Amino acid sequence: MLFRSTTEADLDRVLACTITEPISWIPPDRYRAELADGQYRPEWTWIAEDSGQILARALWWGLPSSAHPHALDCVYVHDSVSDRIGLAASLLAAGHDAFRAQGALRLPQYDLNLPNGWRGDPAVSVAVGWRLAAAARAGLPDPLERLRYRWTPGAGLPGSSGRLSFRPEPDDEVFLSALRRIAVGSLDNTTREDVAALGAEQQARENLDLYRSMPGEREWWRLAHTADGRLAGLAMPNRNPYGPVVGYLGVVPELRGRRYIDDILAEITRFHAAKGAPRITATTDMTNVPMAAAFERAGYRNYEVRLVASAPADRTG
């Protein structure tokens, strides 16, 4: 069995790998389009090959500006393979080894988009189960379930209470200070794990670098202040390659519990809507009940689940 990244000559065979299980996957038209944009790349596309036949395929994705992939998007194993978990795990491990050798400091997470209530569908559960088992063997043992939300103009614009003012702040160091404060006591699982593993300073810097690398504009970001001038939180609306996203938002610990998060989310929503956004998307951990409630109050609706398998936070590859 040969495990390798692909070349341009492999494209037709890579596209011929079709998943019939009821699970999110990358169809040929999307792969071609995002290959042209540099979001998928031959060197991020890995295959397990035996006697010229592709028996497994893994597709990693990243931003066009990325040096390393951000996420694993699709895992395929041919129906003839009896040990799907073992073959997929070996393929993912080979890809991980290559990314480490190329300087990646973190293993890309594995993203699966699933319907709400997916555990109640046996076929979906089986398709998810063997993939998560393979990902765990390859170094991604920590699955996290997140809720995906979407706002559309038909939901109406959330109103402004007038309690907060929103001001631009060009100094990244000021934003870093706000990010460090907001991380304290956060209900976001990734934030908590990263602070524990990296420290508050490094976690804030990596968060800021991530949002600066996205297609949105840095000038969109705002700090939120109360009427008496105290910092209440921040709003960092953004875009991903598919459209407007809420991005990052938060309230400082000492002012939580007053629903300032509603004001900040409303500001982000109105900002994107003013630019003609046909939809705005966002995600939050299933366990982050206050954030989920804020999305619901602002007219966002949960339309699916994202299951994310990742490496332990203290692992750097």
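Biologist: Which residues have the most contacts inside the largest nonpolar core?

Modeller: First, a word on the source: this is a predicted model, in which local features need pLDDT of at least 70 and side-chain atom pairs count only at pLDDT 80 or more, while totals for chains, interfaces and linings use all residues. Residues are numbered from 1 along each chain as its sequence is written, and side-chain values use heavy atoms, with hydrogens and water left out. In soluble globular proteins, nonpolar side chains tend to be buried together. A nonpolar core is a set of buried Ala, Val, Leu, Ile, Met, Phe, Trp, Tyr and Cys residues joined through side-chain atoms within 4.5 Å; buried means under 20% relative accessible area, exposed over 50%, and partly exposed in between, with a 1.4 Å probe and protein chains only. Here the largest such core has 96 residues, and Leu234, Val246, Ile264, Leu265 and Tyr300 have the most contacts inside it. Helix H3 (residues 84–101) gives the most to this core, with 8 residues.

Biologist: What does Leu265 touch?

Modeller: Contact means heavy atoms within 4.5 Å. Beyond residues up to four places away in sequence, Leu265 touches Val246, Leu249, Met291, Ala294, Phe295, Ala298 and Tyr300.

Biologist: At what angle do the axes of helix H8 and helix H9 cross?

Modeller: Two packed helices are described by the angle between their axes and the distance between the axes. Helices (H or I, at least four residues) and strands (E, at least two) are DSSP runs, numbered from the N terminus. Axes are lines fitted to C-alpha atoms, for helices over the stretch in contact, with angles from 0 to 180 degrees between N-to-C directions. The axes of H8 (residues 260–274) and H9 (residues 289–297) cross at roughly 50 degrees and come within 10 Å. H8 is therefore oblique to H9; angles under 35 degrees count as roughly parallel, over 145 as roughly antiparallel, 65 to 115 as roughly perpendicular and the rest as oblique.

Biologist: Which residues of H8 and H9 meet?

Modeller: Ile261, Asp262 and Leu265 in H8 meet Met291, Ala294, Phe295 and Arg297 in H9.

Biologist: How far apart are the axes of H3 and helix H4?

Modeller: The axes of H3 and H4 (residues 122–137) are 8 Å apart, at an angle of about 45 degrees. These two helices are therefore oblique to each other.

Biologist: Is Ala277 buried or exposed?

Modeller: Ala277 counts as buried because its relative accessibility is 8%. This residue lies in the loop between H8 and strand E11 (280–285).
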